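Subject: the model, and some notes on it

Hi,

Here is the structure I promised to pass on. Could you have a look at it before reading my notes?

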Amino acid sequence: MDGKVYEVSRVLDPDGHDSLDAASIARSIAYHLQCSLGRLPEAATDHDFYKAVALAVRDRLQQRWAATTRTYLRNDVRIACYLSAEYLLGPHLGNNLANLGIESATREALRDFDRDLDALLDQEEEPGLGNGGLGRLAACYLDSAASLERPMVGYGLRYEFGIFDQEIRDGWQAEVTDKWLRRGNPWEIAKPEVTYRVGWGGRTEHYRDGEGRHRVRWMPDRVVAGTAYDTPIQGHRVNTCHTLRLWSASAVESFDFQAFNTGDYYAAVDEKVRSENVSKVLYPNDEPEAGKRLRLAQQYFFVSCSLQDLFALLRLAGEPPERFADRYAVQMNDTHPSLAVAELMRLLLDEHGFEWEPAWDLVVRSMGYTNHTLLPEALETWPLGLLAELLPRHVEIIYEINARFLAEVRARRPGDEALVARVSLFAESGGRSVRMANLATVGSHAINGVAALHTDLLKSSVLRDFYDLWPGRFSNKTNGVTPRRFLALANPGLRDLVTSVVGDGWIGDMARLRALEPYADDAGFRRRWREVRRANKQRLAAQVLRTTGVAIEPDWMYDVQVKRIHEYKRQHLNALHVVDLYRRLKREPGRDVPPRVFLFGGKAAPGYFMAKRIIKLVTSLADTINADPAVNGRLRVVFLPNFNVQSAQAVYAAADLSEQVSTAGKEASGTGNMKFMMNGALTIGTLDGANVEIREEAGAENFFLFGLTVAEVERLRRTGYRPRDVVESSPRLRACLELIGDGTFSRGDREVFRPLVENLIGSDPFLVLADFESYVACQERVAEAWADTERWTRMSILNTARSGKFSSDRAVREYCDEIWGVSRTPVAIT
């Protein structure tokens with residue numbers, strides 16, 4: 001989306017590098033092997049062939065990208081601009097082949113070289129640009145916008161090192177550097193000519209311009225350069241190909257020749273090293289002061305580059321800055337990009353000469369804010385001193401925003417200084433700080449939650465005061481996931497089975513899956529459904545054996561909980577149920593317990609003490625149970641290390657039971673729950689996040705519900721929760737905690753799990769013990785349903801059939817129609 005627009009329709013090699021037939025693809029592969037990679041086919045490795053295929057596919061994306069960019073520049077269309085600190089994209093090759101419709105042609109082309117496409121797909125390094133649901137949601141929305149032909153561009157950071165790779169050593173999580181770029185990234189295109197300067201530190205100077213107007217000049221004491229790296233995002237079976245533009249930091253002057261000449265060789269490259277640190281790693285540890293500074297620098301760096309880029313594109317389209325809000329809908333994905341409010345004001349005031357009122361009008365009309373958390377501690381704040389040191393001009397602007405906003409509040413609610421203190425952009429307690437969620441809310445015309453329950457709780461708790469002031473700004477946009485990757489690509493057997501009875505239109509319109517419902521009563525179709533699922537489980541079993549050494553049986557129930565490890569997600573509640581089953585099987589060897597594999601996966605934040613203890617507990621359960629012949633014929637436990645998008649695809653396709661057991665009122669939405677549902681897994685869960693809507697869609701009879709509701713959680717906390725009393729009233733729970741504490745699962749070590757057990761008995765902040773009996777009773781209902789194969793299969797089919805609401809296509813369509821004002825804009829290739 002940059003540079004001069006040329007009148008070209010066939011810019012690629014005339015030998016057909018934009019054609020989609022097998023012969024043309026084969027020629028492109030050979031061309032790139034020799035000319036791009038310098039390899040002869042007979043000497044090339046699988047990774048060489050992967051890169052050649054990727055480049056051949058990228059060629060075919062570029063014609064569509066050029067046509068899309070030209071269409072948007074030449075027409076008066078509004079574009080959604082998605083600002084996200086994370087993009088958990090997953091591997092590109094399989095997804096792009098599917099979206100272009102050339103998987104079969106590429107397989108045929110590779111036969112000319114005696115190569116197998118599946119082996120090449122395994123060569124792709126997953127981009128490490130995200131940590132969980134936030135980044136995966138952003139990636140799904142890019143896919144859906146392109147597939148729906150709704151104009152969008154994504155902006156983020158090109159982290160050199162992404163989220164860490166996870167290894168399990170002696171049962172503990174070990175973090176290993178994620179060197180995802182070590183062998184290059186064939187999908188991105190560096191744009192060194194698209195570079196912007198970003199400053200921080202220094203001072204401001206107030207002056208009068210030639211017309212006597214008050215102006216401010218920011219004179220930073222340090223400047224870095226942000227360079228664009230573009231990744232094409234192809235829509236499904238359409239010509240639309242969007243851009244994910246990621247920013248990489250570098251020094252404006254990378255080599256100090258004077259320092260080098262005087263013999264100070266380290267100083268000669270010091271600025272280069274310091275500047276590049278800005279985009280070095282995803283989420284640096286922000287406990288130490290240096291980590292906080294770096295994370296703040298990252299957030300400002302990427303929003304500044306992105307907003308400067310939008311003004312440059314506006315100039316390229318021949319539009320004045322006054323048209324900013326007419327051409328762009330800027331969506332902040334959580335609070336990480338919330339400095340965009342102040343930065344857009346700075347650019348309008350200081351760089352484009354606007355007066356305050358018209359500048360603020362453009363900001364509010366263009367900005368939207370998606371909130372992703374109900375945890376007060378996760379609502380980002382920055383110490384005022386740090387912000388003033390790094391971004392002095394922005395602090396001045398935030399002060400002015402706050403003064404004008406609080407004047408409005410006082411005018412509407414005279415005398416209510418408690419309200420003023422609550423909604424202020426500045427927190428006064430515990431050292432002055434800037435509340436980034438408040439800044440994002442005040443600077444946006446639209447604020448949304450990501451599930452119906454989450455949005456209701458936002459309105460009644462976290463952002464209640466703002467909702468009372470501006471009820472019309474709030475709406476719900478329940479999350480969704482792309483069916484292209486998480487069903488069609490992840491589960492080809494189920495894709496083909498579904499398509500055989502309802503056609504392939506469901507891939508672009510998930511509502512059509514409702515046509516599956518009558519087949520739930522067809523015995524022949526149920527048999528074919530089970531055959532597909534068993535094949536998926538065999539594939540996952542092979543993956544588990546390869547990565548963990550644990551053998552699991554495809555005919556057992558696969559009970560799965562894969563997600564970020566956090567106390568509120570309650571992996572330890574699941575673990576307590578495992579301990580209870582183990583204890584009962586040891587006491588009653590003849591007990592009728594359906595064979596079950598408990599499969600866990602997910603990463604804990606490196607500094608999160610309790611989460612890492614939970615991983616250790618799960619791996620210790622696995623070591624004990626899997627080695628015990630008295631129980632391992634009916635019970636096994638697996639911790640799948642380094643859970644990511646690629647491994648997730650096999651897990652979602654094979655799971656029988658989806659564990660969605662967070663404390664009611666804590667999970668904003670969840671997206672893993674949706675992926676499991678699409679693939680036919682049944683859910684055991686609380687009424688939390690999107691579970692509420694999943695149960696509504698699937699039907700209460702096809703969902704295993706347990707646990708306290710939000711109202712019951714609040715009542716319990718209000719009246720005084722005493723977890724020790726819960727333990728005393730439940731002999732079964734007490735026995736489970738004693739087994740964990742007495743060293744049964746830790747080779748006699750009574751200390752390793754002491755902090756975990758004491759935390760549960762002493763405070764139990766996420767009500768694990770309060771929900772234990774309800775959870776175990778619900779698991780008994782799960783076992784009963786599993787024993788009835790035909791009933792379980794019917795429930796599985798209906799979950800898939802009724803999952804259409806949870807497509808990201810639906811979510812993006814709602815954003816476009818109700819918040820962004822972004823219309824469908826088809827792209828033609830001439």
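This is a predicted model: local features need pLDDT of at least 70, side-chain atom pairs count only at pLDDT 80 or more; totals for chains, interfaces and linings use all residues.

Below are my notes on aromatic rings, charges over rings, and a few strands.

Residues are numbered from 1 along each chain as its sequence is written, and side-chain values use heavy atoms, with hydrogens and water left out.

**Aromatic pairs**

I paired rings of Phe, Tyr and Trp (its six-membered ring) when their centres lie within 6.5 Å, calling planes under 30 degrees apart stacked, over 60 edge-to-face and the rest tilted. That rule gives 24 aromatic pairs. Take F405 and W470: the centres are 5.6 Å apart and the planes make 40°, so this one is tilted. The pair bridges distant parts of the chain, 65 residues apart, with F405 in helix α15 (residues 392–412) and W470 in the loop between α19 (464–469) and β16 (474–476). (Helices, H or I with at least four residues, and strands, E with at least two, are DSSP runs numbered from the N terminus.) F405 is buried at 3% relative accessible area, and W470 is buried too, at 10%; buried means under 20%, exposed over 50% and partly exposed in between, with a 1.4 Å probe and protein chains only.

F525 and W529 make another tilted pair, 5.9 Å centre to centre with 45° between the planes. These two are four residues apart in helix α22 (residues 523–548), so about one helical turn separates them. F525 is buried at 3% relative accessibility, as is W529 at 1%. There is also a cluster, in which ring pairs link Y82, Y141, Y815 and W820.

**Charges over rings**

For a charge to sit over a ring, NZ of Lys or CZ of Arg has to be within 6 Å of the ring centre and within 35 degrees of the ring normal. R158 does this with Y229, its charged end 3.9 Å from the ring centre. R217 does it with Y207, at 4.1 Å.

**Around β21**

Strands pair here if DSSP finds at least two bridges between them. Strand β21 (residues 682–685) has L682 and I684 pointing one way, T683 and G685 the other, and all are buried. Four bridges join β21 in parallel to β20 (residues 657–660), where E659 stands opposite I684.

Cheers
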